[in-house]
Amino acid sequence: MALTLYVDTDRWRAHQQSVIQQYPGLVPVCKGNGYGFGHERLADEATRFGSDILAVGTTYEAARMKDYFGGDLLVLTPFRKDEEPVPLPDRAIRSVSSVEGVGLMRGARVVIEVMSTMKRHGVTEEDLPKLHAAIDEVRLEGFAIHLPLDRTDGSDAVEEVIGWMDRLRAARLPLDTMFVSHLGPEEFARLQQQFPRTDFRARIGTRLWLGDPSATEYRGAILDVTRVVKGDRFGYRQQKAPADGWLVIVAGGTSHGVGLESPKALQGMTSRAKGVARAGLATVNRNLSPFLWSGKQRWFAEPPHMQMSILFVPAEAPEPKVGEELTAQLRHTTTMVDRTVDR
């Protein structure tokens with residue numbers, strides 16, 4: 001009995017190919033929990049479609065992935081002076097976001113990140129004159145720019161990249177390769193047309209692995225079902241059943257990421273009102289679970305346990321049976337499943 005990720009493999013791989021065709025030279029990203037699929041699985045997929053490079057989040061991930069992927073490993077987290085040294089093969093490429101960092105990476109393969117409107121990290125325009133001497137000491141693989149997902153000011157992502165291309169060219173720095181993130185296929189094509197001598201490489205994770213939601217489905221197996229009447233006490237905290245129905249014990253708890261939500265950026269009055277409503281219900285121990293039964297999202301009977309959750313299903317719904325599965329609406333990047341099943 002498990003929390004399972006079911007994958008329509010043919011459909012999933014067909015989507016991968018559609019993205020690869022839109023972004024020639026694509027750099028697949030595998031970081032965190034491997035977008036719900038796991039690092040080893042995504043390394044196998046990247047190898048299968050012939051990628052020469054795989055982007056990972058940290059040096060620790062690169063150290064693990066070197067045994068699963070035979071090509072280059074691009075570490076996205078920038079090098080820091082006092083970081084813990086992690087042994088990596090020569091095929092590892094480090095991101096660097098400062099002139100000082102470049103100077104400390106003598107002999108290493110590096111990608112230099114420039115400061116975008118994300119304002120997260122990167123070298124600035126004022127740093128560019130200082131880079132000339134520094135890059136002579138490293139094996140420069142290219143520059144990179146990480147762009148925001150939303151552009152609420154109406155600005156153009158391509159123009160932002162072009163601006164940096166012009167600054168790098170004016171500083172007489174090499175424009176052989178530029179790694180980019182969060183560009184649409186039309187925007188990517190515009191850059192290729194405008195700078196035919198530059199090899200643009202799109203670093204893509206979410207769009208590549210999760211761009212077709214219909215290709216994957218989470219399901220939790222029902223472990224036990226107990227009939228209750230209104231007022232019956234149950235669970236760790238001995239709360240009262242709100243009505244007649246069933247307590248449904250389903251595979252999937254906090255160790256899987258169930259019930260652990262990351263903060264959301266709320267935009268507009270409707271989403272804010274829903275957020276306030278959810279917070280109000282939570283104060284009286286009313287929280288919707290990610291599990292669906294008979295077409296409806298069901299309530300947690302109490303907070304999820306480590307490896308299972310207790311749901312309340314009212315008597316008017318069909319009676320759940322042990323061994324059946326409940327579809328679960330879970331976020332791939334925060335979920336760890338017991339097993340993955342291809343079909």
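The model is a predicted one. Helix H1 covers residues 9-22, and the sheet is an open one of eight strands. Let's take them in turn.

**Helix H1**

- Helix H1 has 14 residues, and the distance from its first C-alpha to its last is 20 Å, close to the 20 Å expected at 1.5 Å a residue.
- The buried residues of H1 are Thr-9, Trp-12, His-15, Gln-16 and Val-19.
- If you look down the axis of H1, these buried residues fall within an arc of 130 degrees, so they line one face of the helix.
- On the face turned away from that buried side, H1 carries the exposed residues Asp-10 and Gln-21.

**What covers H1**

- Strands take part in covering the buried residues of H1, including E1 (3-7), E9 (199-204) and E18 (339-342).
- Helices H2 (39-48) and H8 (206-210) are also among the elements that cover the buried residues of H1.

**The sheet**

- Follow the sheet across and you meet its strands in the order E2-E9-E8-E7-E6-E5-E4-E3, with parallel pairing.
- Its edge strands are E2 (27-28) and E3 (53-56), each of which pairs on one side only.
- Strand E7 (residues 139-146) pairs with strand E8 (residues 177-181) in the parallel sense, over four bridges.
- To find a spot in this pair, look for His-146, which stands opposite Ser-181 in E8.

**A helix on the sheet**

- Helix H6 (residues 157-170) packs on the sheet, where it touches strands E6 (109-114), E7, E8 and E9.
- The direction of H6 makes about 145 degrees with that of E7.

Technical notes:
Residues are numbered from 1 along each chain as its sequence is written. This is a predicted model: local features need pLDDT of at least 70, side-chain atom pairs count only at pLDDT 80 or more; totals for chains, interfaces and linings use all residues. Side-chain values use heavy atoms; hydrogens and water are left out. Helices (H or I, at least four residues) and strands (E, at least two) are DSSP runs, numbered from the N terminus. The expected span of a helix is 1.5 Å times one less than its number of residues. Buried means under 20% relative accessible area, exposed over 50%, partly exposed in between (1.4 Å probe, protein chains only). The arc is that of the directions from the helix axis to the C-beta atoms. Contact means heavy atoms within 4.5 Å. Two strands pair if DSSP finds at least two bridges between them. Axes are lines fitted to C-alpha atoms, for helices over the stretch in contact, and angles run from 0 to 180 degrees between N-to-C directions.
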